[in-house]
Amino acid sequence: MKRHFLATRIWHWVNAIALIVLFMSGLNISNAHRYLYWGDYGFDPADAWAAVMRFPAWATIPQRYDLAEARDWHNTSAWIFALSLLGMWIASLVNRHFQRDLTTRLRDWTPGALWGEIVAHLKGQFDHGEGKYNPLQKMTYGLVLGILLPLMIVTGLAISPGFEPVAPWMIDLLGGRQSARSLHFIGTWALFAFFIVHVAMVIAAGLGWQIRGMITGRVPKEKSGD
Amino acid sequence: MTDMKRRALLAGLIALPATACSKLAESEAGTDIFNAAESMHRLAHRTLAGRQALAPEYPPEARSPTMRGNGSLTVETDEYQAHLANGFEDWRLAVTGLVDNPLDLGLADLRALPQRTQITRHDCVEGWSAIAEWSGPQLSHLLDAARVREEANFIVFRCADNLNGSDYYESVDMVEAYHPQTIVAHRLNGEALPEKNGAPLRMRIERQLGYKHAKFLTGIEAVASIDDIQGGNGGYWEDRGYQWYAGM
C-alpha cells in the first residue's frame, strides 16, 4: 500500500475534528425543535414526518442545552469543514489522488462484483484490486467525498435565509427549506454510519499502523505494495 | 508511536469536545473567532447575492395554514391591553434618533403610505418555518421621511413587550434597513396583525431569522452605535449570546 499524500493526511484530521464539532453541536441545535418536515414550511409536530429524540447533554457541544453557543460552534466549524473539503478536492485532482486511487470502473458496480467485495470484506480480505484501495473502499470514499460531504454543505447553505437570495433554485431543487433541513439531518446519520464502519474497518485492518499511516504517511514494509 | 502515547492521543481526542471546547468558547479569543466566522458568512451572503437581492416570495396557495406565534404572545401591561381593546386607534410609532425630522405616526398614517405586500417564509432560529402574507410600508419610506442623517449606522427597533424583565429590542444595519422587503407590517394574511404575531406593528426582515422581526413595535431609532443600548449587542437575544447577524 502506498503512503498517503500529505494533503490527504492533513485534511483527514482537520476534517475529523471539524466533523466531530459539527456533529455534536448539530445534536444540540436539533434539540431546539425536534421535528422534521418535507416542503417549504413546517412548525406543527402534527405535520412532521419524524419526531427526533432529545439528544443527551453528554453527546452535545456545549455539554448543556445552549442553542446560541451551539450555533456558534456549528457555523464556525462549517467554514473549516467546507474550505478544507474544497482544498482536498483541488489537491486530489492536482496530485492525481482522485484519478489514481478513487475512481472506479463500471464493472466494479455489477451485482456480482459487489457481492464478491462484500464476501471478501467479511472474510477479512482487504488488500485486493488494483492500486491503493480495493473497489469497495474506492466506492465508499468516492461517495462520501463526492456526494455525502458536499450534500452537507449544500443543505446547510439551503437552510440559511441569508444565503437563499444567492441561489434560490438550490432550495427549490432540494424541495424547500424544511426538506433541506431533513436532508441535512439524514446526511448527518449517513456520515455517522460511515464513521462507525470506517473505524471498525481500520480496527480490523490494524489500528496501529493505520493511524500511524494517516499521521506520518509511513507504512510497514510488509503492508507496502511498492 | 508507543501504546501509551496512542492512548493519550485517543483520550485527548475524545475529551476535546467536552473540555477544550467549553474553555475556548468562554474565552475572549473564542468569542472573537465565532464573531469573525459569522461576519464571514454575512460578507459571503451579501457579496454573492448582492445587498438588495430579494428573499423568495411565494404564491398565495403556498402559505402555511397559520402563522405560528413565538416569543412574547402578548404584552401584559394595562396600557397595551387598553390599546388592544380599542383596536390600537391611539397606538403611536415614533421615528427618532439621528434624524432631521422626527416622526410620530399613528396606524392611519402608516396605512396612508405606499404599501408593500409580500408572501414570505419566516424561519425561526429553532429550525421551523411558516409562510404568510405581510403588508405594510417599506421602512425606507419612513427613514426617508424622517431624513436619517449620514452618521447613522444602525436602525434600532423598540418594542412594547418585556421578556424575563428586559424590554425586547432589535437592530439592523443600513443595508438591511433600506432593503425593499424590510417593511413595517400591520397586516397578516389580509387581516389586521393578530396579538400573538405582534399587534399592531411588527418588522419584517426577510433575509434573517425570526428574532430580528421585532414585534409590538413602538419606536424606530437611528443610531451611530449599538454599544450603549441595553447589553450592547444589538438585540434582546443578541444580549443572550445569539449572533447579531441572523442570516443563518
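Trainee: Which elements of chain B do the buried residues of α6(B) pack against?

Mentor: The model is predicted; local features need pLDDT of at least 70 and side-chain atom pairs pLDDT 80 or more, while totals for chains, interfaces and linings use all residues. Residues are numbered from 1 along each chain as its sequence is written, and chains are lettered from A and ligands numbered from 1 in the order in which they are written. Helices (H or I, at least four residues) and strands (E, at least two) are DSSP runs, numbered from the N terminus. With contact meaning backbone-placed C-beta atoms within 7 Å, the partners in chain B are β1 (93-97), β2 (103-105), α7 (174-177), β7 (183-185) and β11 (217-223).

Trainee: Which residues of α6(B) are buried?

Mentor: Helix α6 of chain B runs over residues 139-146. Buried means 20 or more other C-beta atoms within 10 Å (exposed: 12 or fewer; partly exposed: in between). The buried ones are B:L139, B:L142, B:L143 and B:A146.

Trainee: Why are these residues on the same side of α6(B)?

Mentor: Take the directions from the helix axis to the C-beta atoms. The residues sit on the same side of α6(B) because their arc around the axis is only 95 degrees.

Trainee: Which residue follows α6(B)?

Mentor: Check the backbone there. Phi is positive, near 55 degrees, at B:R147.

Trainee: How are α1(A) and α2(A) oriented, roughly parallel or roughly antiparallel?

Mentor: Helix α1 (residues 6-30) and helix α2 (residues 67-94) of chain A pack at about 155 degrees, with axes 8 Å apart. Axes are fitted to C-alpha atoms over the stretch in contact, and angles run from 0 to 180 degrees between N-to-C directions. Under 35 degrees is roughly parallel, 65 to 115 roughly perpendicular, over 145 roughly antiparallel, the rest oblique. The pair α1(A) and α2(A) is therefore roughly antiparallel.

Trainee: How many nonpolar residues are in the contact of α1(A) with α2(A)?

Mentor: Nonpolar covers Ala, Val, Leu, Ile, Met, Phe, Trp, Tyr, Cys and Pro; Asp, Glu, Lys and Arg are charged, and the others, Gly among them, polar. The contact of α1(A) with α2(A) has one charged residue and eight polar ones. Its nonpolar residues number 17.

Trainee: Which element gives the largest share of the side of chain B that touches chain A?

Mentor: The contact takes 33 residues from chain A and 41 from chain B. On the chain B side, α2 (20-26), α3 (28-49), β3 (116-123) and β4 (129-136) each supply at least two residues. The largest share, ten residues, comes from α3(B).

Trainee: What percentage of chain A is buried?

Mentor: Chain A has seven helices and two strands. Its C-alpha trace spans about 60 × 35 × 35 Å along its principal axes. Of the 226 residues in chain A, the buried share is 32%.

Terms used: Contact = placed C-beta atoms within 7 Å.
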